[in-house]
Amino acid sequence: MAEMGSKGVTAGKIASNVQKKLTRAQEKVLQKLGKADETKDEQFEQCVQNFNKQLTEGTRLQKDLRTYLASVKAMHEASKKLNECLQEVYEPDWPGRDEANKIAENNDLLWMDYHQKLVDQALLTMDTYLGQFPDIKSRIAKRGRKLVDYDSARHHYESLQTAKKKDEAKIAKAEEELIKAQKVFEEMNVDLQEELPSLWNSRVGFYVNTFQSIAGLEENFHKEMSKLNQNLNDVLVSLEKQHGSNTFTIKTQPRKKSKLFSRLRRKKNSDNAPAKGNKSPSPPDGSPAATPEIRVNHEPEPAGGATPGATLPKSPSQSSLPAVVVETFPATVNGTVEGGSGAGRLDLPPGFMFKVQAQHDYTATDTDELQLKAGDVVLVIPFQNPEEQDEGWLMGVKESDWNQHKELEKCRGVFPENFTERVP
């Protein structure tokens, strides 16, 4: 029986709520059609507009504050990674290592403290501020429904009073319902009329406190971070002073084919080496054997179709080099052509591409590499076998060696490109 009574009460309540919604809907239709007037309160409507504006602004501020906090956290992680990198590259024997590590730890703690204070003093306050809006919004909506009930009861009472046949019992009941609806509405209306303006005015103080907190926290954070950065700068300046005379180590690209090239060159040298006791002296500079002759054909093409140009004969020191064909060009082609009758001198090695100058000393680590001193000029030439060239390495001959010996096979070698700089 109790269950049936409970179910009956529930069903009755649902039916009552449905009837209220139908009555309110009917009242709204009559008001829109102009068949019933609607209670207007312009002052309250302005309060509602201010409330909605305040809610929109607060929601946006909350969203942007969360984005700011996420950015602070991301910057914290990036700063932490950067300090970890410094700790890894800071070698154990360098002075100031312990100080640098301590600074990195303090840097991490400072970021954590800054983020937590932003959460406590800004975000949580923001959440509390916005926490009051849902309840007030619900009450505004309920006040609107009670206003419809009040207007409906008022219209019903007025219609009974103006009817030709008056039913005093119905009029009395309608008046009672009207008084009840009016009382409920006015209680809610009065509370909101007092609360909404106060809430609207509170936004100024809240915005001031929120942004003052953020600005103050950020100011203190940057002051402390500036001190840490200055301390780190002092440590690095001290390191620079103690190691100022040392040049930075420039690492070369790893070579994969250096051993192969070295073996090929040693084999070729052993194959071309003269018998003991029969070694001929190196020809002096400028002799025909040391400087290949170049013939430039200025005559028109013969009837037989011979190709214009001339071929450089091989010298004893260049027996392994391919013949170089020089076509008909002006008197200077990547070098100097001398002699009035066509005989001249080539001052640059065959295949010369460009010059570079060593910017740093380089100590050769294999027999096929050039030993460089800062300032050495190197004449760059192509690899005989392009497959032997490693990334970041060039083939060349030091200009001083070439001018002295003119023996490409003995003088050439590979060197790291990043130790040099191209020159005209």
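How many aromatic pairs does the count come to? The answer is 10 aromatic pairs, where rings of Phe, Tyr and Trp (its six-membered ring) pair if their centres lie within 6.5 Å. This is a predicted model, so local features need pLDDT of at least 70 and side-chain atom pairs count only at pLDDT 80 or more, while totals for chains, interfaces and linings use all residues. Residues are numbered from 1 along each chain as its sequence is written, and side-chain values use heavy atoms, with hydrogens and water left out.

**View 1. Strand β5 and its cover.** Here's β5, residues 393-398 (strands are DSSP runs of E, at least two residues, numbered from the N terminus). Six of its six residues are buried, meaning under 20% relative accessible area with a 1.4 Å probe, protein chains only. In a regular strand, side chains alternate between the two faces of the sheet. One side of β5 has Trp 393, Met 395 and Val 397, the other Leu 394, Gly 396 and Lys 398, all of them buried.

**View 2. The neighbours of β5.** Strands pair if DSSP finds at least two bridges between them. Four bridges join β5 to β4 (residues 377-381), running antiparallel, with Leu 379 partnered by Val 397 of β5. Another strand, β6 (residues 413-416), is also antiparallel to β5 and joined to it by four bridges; there, Pro 416 stands opposite Trp 393.

**View 3. A cluster of rings.** Ring pairs link up Phe 51, Tyr 129, Phe 133, Phe 206 and Tyr 207.

**View 4. Charges over rings.** The charged end of Arg 143 sits over Phe 44, 3.6 Å from the ring centre (the rule: NZ of Lys or CZ of Arg within 6 Å of the ring centre and within 35 degrees of the ring normal). Arg 203 has its charged end over the ring of Trp 200, 3.6 Å from the centre.

Notes: Buried means under 20% relative accessible area, exposed over 50%, partly exposed in between (1.4 Å probe, protein chains only). Rings of Phe, Tyr and Trp (its six-membered ring) pair if their centres lie within 6.5 Å; planes under 30 degrees apart count as stacked, over 60 as edge-to-face and the rest as tilted.
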